Amino acid sequence: MADRTGLRAEPSRTCVGCRGMDSWSALLRVVAATDRDAGDTSPVTLRPDPRHRMPGRGAWLHPTPDCFELAVRRKAFGRALRLQVALDVSAVARHLGVQDTQQRSGAPHGSHRSVRDQSTNQGGLKTL
């Protein structure tokens, strides 16, 4: 892939939402940040990094609400950033102009079981 000028090769990255490949300049980099003063008990917040300069491991995302929603639904940010904790995605949602991030971020709203969970037992066999 070439950069925006078309003169030199540019690295390609994979969007964590749609899993499509694109040049790094077309994707938004997202990094995990914590409050250093609070210690380990502070929640992990995802921060947009449009200049691709913040330190740490980054996840790449097309800057569209559709890819953002897919990434949140699939919990792709946690896997890409190698984090095992709940993530606050509100800063990225604000950057992209997405509304109602708490409902999409996997906040508990009751017991939601997938169709696969309802139709299979522990052995993975369908129950009749």
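## Where Pro 55 lies

Between which two strands is the loop that holds Pro 55? In this predicted model, Pro 55 belongs to the loop between strand 4, residues 44-49, and strand 5, residues 58-61. Because its relative accessibility is 68%, and exposed means over 50%, Pro 55 counts as exposed. Although Pro 55 and Val 31 are 24 residues apart in sequence, their C-alpha atoms are 8.0 Å apart in space.

## The sheet

Strands of a sheet pair through backbone hydrogen bonds, either parallel or antiparallel. Here four strands form an open sheet in the order 5-3-4-6, and the pairing within this sheet is mixed. Strand 5 and strand 6 are the edge strands, each of them pairing on one side only.

Strand 4 pairs with strand 3 in the antiparallel sense, over five bridges, and with strand 6, residues 87-88, in the parallel sense, over two bridges. Several residue pairs can be followed across these strands. Val 31, the residue whose C-alpha lies 8.0 Å from that of Pro 55, stands opposite Arg 47 in strand 4, while Ala 32 has Leu 46 of strand 4 as its bridge partner. Towards strand 6, Thr 45 stands opposite Asp 88.

In a regular strand the side chains alternate between the two faces of the sheet. As for the covering of strand 4, five of its six residues are buried, so that this strand is mostly covered, buried being under 20% relative accessible area.

## The nonpolar core

Which residues have the most contacts inside the largest nonpolar core? This core has 23 residues, and those with the most contacts inside it are Val 16, Leu 46, Leu 61, Phe 68, Phe 77, Val 92 and Leu 96. The elements that give two or more residues to the core are strand 3 (28-33), strand 4, strand 5, helix 1 (65-73), helix 2 (76-80) and helix 3 (90-96). Helix 1 gives the most, with four residues.

Conventions. Residues numbered from 1 in each chain as written. Predicted model: local features only at pLDDT ≥ 70, side-chain atom pairs only at ≥ 80, totals over all residues. Heavy atoms only, no water. Buried < 20%, exposed > 50% of the residue type's maximum accessible area, 1.4 Å probe, protein only. Core = buried A, V, L, I, M, F, W, Y, C linked by side-chain atoms within 4.5 Å. Pairing = 2+ DSSP bridges.
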